[in-house]
Amino acid sequence: MIRQKYPLKWNKENFSIKIFCSIPNIATGILVKADKTHFVVDPGDGILRDLNKEIGTQNILNISNLFITHGHHDHVGGVWALLTYMRVMHKQSPLSIHFPKGCIEIESIYNAFKKVYNKTLPYNIHLKIINDSRSFKSKGVMVKPFPVIHKEYLHDGITTRQVPAVGFKFTYKGMKICYGGDTAYCEALVKNAKNSDLAVIEAGHEDETPDDMHMTLEEAKMIGESAKQYFLVHVPE
Ligand SMILES: [Zn+2]
Ligand SMILES: [Zn+2]
């Protein structure tokens with residue numbers, strides 16, 4: 001088992017993941033590389049700083065896809081900065097943003113961004129709404145989204161509701177990385193994490209009583225151990 005001490009890095013041949021950060025209610029930031037392809041997953045606050053340090057401006061402009069698991073601020077807080085930086089630095093190639101259907105945070109950030117910069121945007125943004133678990137290929141990487149269970153409190157602090165939330169499995173040349181995002185224990189994650197080369201599993205629950213927002217350490221470990229290697233992330237500090 002590998003406990004979190006950020007950044008977390010894993011690679012197999014030319015397929016790699018670097019988790020700059022994954023702290024509940026603060027920030028997440030993940031870079032997936034497959035040869036020259038750069039994907040960013042859950043660009044939370046600080047992602048622009050971390051990417052600049054890691055891959056530099058030119059490779060930031062080469063990022064082709066953003067993958068958003070859900071709209072909580074610790075997973076999308078850096079989207080505006082990233083989109084704006086790409087504009088200022090004259091990105092030319094298109095950017096696809098994948099996010100679960102109904103994720104109003106991404107829709108709203110995109111709409112506001114278009115409103116401010118529409119006339120001066122040097123690159124195209126394609127919104128890719130995830131509505132099912134169908135796999136798709138992008139830049140030679142097979143991407144499989146899967147639904148997860150992740151709830152949030154309403155104003156009363158008692159009632160909860162499910163938020164649009166997914167995990168992603170990335171497969172490149174037969175190598176598999178599974179990232180569940182924020183999720184309670186769920187079968188879709190169990191299935192996708194199993195036999196992955198790397199599973200990135202959240203253990204965000206505060207104590208050991210299972211609920212429908214995050215996983216306990218025990219639940220997360222159980223799923224992680226079904227993969228060849230795993231990271232536990234999003235553990236409360
Ligand atoms: Zn989170
Ligand atoms: Zn969340």
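Is Lys12 buried, partly exposed or exposed? With a relative accessible area of 32%, Lys12 comes out as partly exposed (buried means under 20% relative accessible area, exposed over 50%, and partly exposed in between, using a 1.4 Å probe and protein chains only). The model looked at here is predicted, so local features need pLDDT of at least 70 and side-chain atom pairs count only at pLDDT 80 or more, while totals for chains, interfaces and linings use all residues. Residues are numbered from 1 along each chain as its sequence is written, chains are lettered from A and ligands numbered from 1 in the order in which they are written, and side-chain values use heavy atoms, with hydrogens and water left out.

Now to the salt bridges. The structure holds 8 of them, each being a side-chain nitrogen of Lys or Arg within 4 Å of a carboxyl oxygen of Asp or Glu. One pairs Lys12 with Asp197, with 2.8 Å between the closest N and O atoms. Lys12 sits in strand β1 (residues 8-12) and Asp197 in the loop between α5 (187-193) and β14 (198-202), so this pair ties together parts that are 185 residues apart in sequence. Helices (H or I, at least four residues) and strands (E, at least two) are DSSP runs, numbered from the N terminus. Asp197 is buried, at 4% relative accessibility. Lys228 joins in as well, linked with Lys12 and Asp197 in a network of salt bridges.

Another salt bridge brings together Lys151 and Asp212, at 3.5 Å from N to O. This pair links distant parts of the chain, 61 residues apart: Lys151 is in strand β10 (residues 151-153), and Asp212 is in the loop between β14 and α6 (217-224). Lys151 is partly exposed at 24%, and Asp212 is partly exposed at 29%. Then there is Arg134, whose salt bridge with Asp132 has its closest N and O atoms 2.7 Å apart. Arg134 is exposed at 61% relative accessibility, whereas Asp132 is partly exposed at 35%.

Next comes the metal. The zinc ion (ligand 2) has His70 (NE2), His72 (ND1), His150 (NE2) and Asp182 (OD) as its protein donors, 2.2 to 2.4 Å away. Donors are N, O and S atoms within 2.8 Å of the metal (3.2 Å for Na, K and Ca), and water is not among the atoms, so sites may look incomplete. Asp182 also bridges to the zinc ion (ligand 1), and the two ions lie 3.4 Å apart. His72 is in the loop between β5 (65-67) and α2 (73-76) and Asp182 in the loop between β13 (175-179) and α5, so the pair ties together parts 110 residues apart in sequence. His72 and Asp182 are both buried.

That leaves the pockets. On a 1 Å grid over the protein atoms alone, a pocket is an open set of points with protein on both sides within 12 Å along at least five of seven lines, and lining residues have an atom within 4 Å of a point. The largest pocket has 18 lining residues, with Pro24, Asn25, His150, Met213 and His214 nearest its centre. Strand β10 gives the most to this lining, with 3 residues. In the second largest pocket, the lining includes both Asp132 and Arg134, and strand β7 (residues 125-130) supplies the largest share, 3 residues.

Key: On a 1 Å grid over the protein atoms alone, a cavity is a set of points where a 1.4 Å probe fits but cannot get out, and a pocket is an open set with protein on both sides within 12 Å along at least five of seven lines; lining residues have an atom within 4 Å of a point.
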